[in-house]
Amino acid sequence: MGDSAWVGTWRPHRPRGPIMAHFTSPGPKYSIQGTTGYLKHNPTKRKAPAYTFKGARPLLREACSPGPRYYVEPSMTRKGKETAPAYTMCGRPNVKTEVTPGPSDYSPEKSKKHVYESAPVHSISFRTRSFSVDSTPGPGTYTIPRVMGPNTVDKTASPCYSMKWKSKLGRFDEDLHKTPGPAAYKKTEVDVYKKRAPKYSMSSRTKPAGTVRHPGPGDYYPGKVTLTKPCAPVVSFGIRHSEYTMPLIVDVY
């Protein structure tokens, strides 16, 4: 093919980077949401009102209602039963036989003391059963109040005198001021209110002299001092192998 088939300076060549057209795509696998119906409707479009038809109701069970099985009497109205009064005859009821007192069971002669006035009548009864168990206090149980001393109950007591110990008031050793004496105070040190002299103390040795080691004159190197004096250039020899060579590592178990 000649150069007349191409327009301009463009010629077919290998692309410098990946081009999307050289790769395959999944194709028409994506679907656009529809605009009809109620489910999966396109949210960007207007949706018209939707109506649904309900299915038929399930059949009722047989025990749901009895149906027209009852017989309604003609005399039954919406206000109740409306018929003429009717009477029925039933059997004799069972009567329980009760025993009641007769005229001879009463004693009218005993009612005189309740109706008419009568003299008091006393009767003697037998001894009670709890008499032998009763324990009543005897004469020795009671205590007669005393008639001597200050604490008498029904008598007038004479004046009583008592002797008391000697009082501390007015004695020779009575403390009239009630203040502490000179011996009650603590003695104050002289160093508190006067100039104190210096004090010295002696402590023990901290470390034994034989265990402490100090450097001697031979431990120092005066010729290697380069901090206070100028030093000539110093050249050193490095290692022969390269710095990027991996060293040999031997695992020792």
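**Questions on a predicted chain**

Biologist: Is Y193 buried or exposed?
Modeller: Y193 is found in helix α2, which covers residues 190-193. A residue is exposed when its relative accessible area is over 50%. Y193 has a relative accessible area of 54%, so Y193 is exposed.

Biologist: What pattern does the chain follow along the sequence?
Modeller: The chain has two helices and two strands. Read along the sequence, these elements follow the pattern β-β-α-α.

Biologist: What percentage of the residues of the chain count as buried?
Modeller: To count as buried, a residue needs a relative accessible area under 20%. The chain has 253 residues, and the share of them that counts as buried is 2%.

Biologist: Why does N42 count as buried?
Modeller: N42 lies in the segment before β1, a strand at 76-77. The limit for buried is under 20% relative accessible area. N42 counts as buried because its relative accessibility is 13%.

Biologist: Which residues is N42 in contact with, leaving aside its neighbours within four places in sequence?
Modeller: Contact means that heavy atoms lie within 4.5 Å. With neighbours within four places in sequence left aside, the contacts of N42 are Q33, G34 and T35.

Biologist: What is the relative accessibility of S75, and which residues does S75 touch beyond four places in sequence?
Modeller: S75 is found in the segment before β1. S75 counts as buried because its relative accessibility is 18%. Not counting residues up to four places away in sequence, S75 touches G80, K81, E82 and T83.

Biologist: What share of the contacts with a separation of 6 or more comes from residues 24 or more positions apart?
Modeller: The count takes the contacts in the chain with a separation of 6 or more. Of these, residues 24 or more positions apart account for 0%.

Biologist: How many aromatic pairs does a search of the whole structure find?
Modeller: For two rings to pair, their centres must lie within 6.5 Å. A search of the whole structure for such aromatic pairs finds zero.

Biologist: Which residue lies over the face of W165?
Modeller: A charge sits over a ring only within 6 Å of the ring centre and within 35 degrees of the ring normal. At 5.5 Å from the ring centre of W165, the residue over its face is K164.

Definitions and conventions: Residues are numbered from 1 along each chain as its sequence is written. This is a predicted model: local features need pLDDT of at least 70, side-chain atom pairs count only at pLDDT 80 or more; totals for chains, interfaces and linings use all residues. Side-chain values use heavy atoms; hydrogens and water are left out. Rings of Phe, Tyr and Trp (its six-membered ring) pair if their centres lie within 6.5 Å; planes under 30 degrees apart count as stacked, over 60 as edge-to-face and the rest as tilted. Helices (H or I, at least four residues) and strands (E, at least two) are DSSP runs, numbered from the N terminus. Buried means under 20% relative accessible area, exposed over 50%, partly exposed in between (1.4 Å probe, protein chains only).
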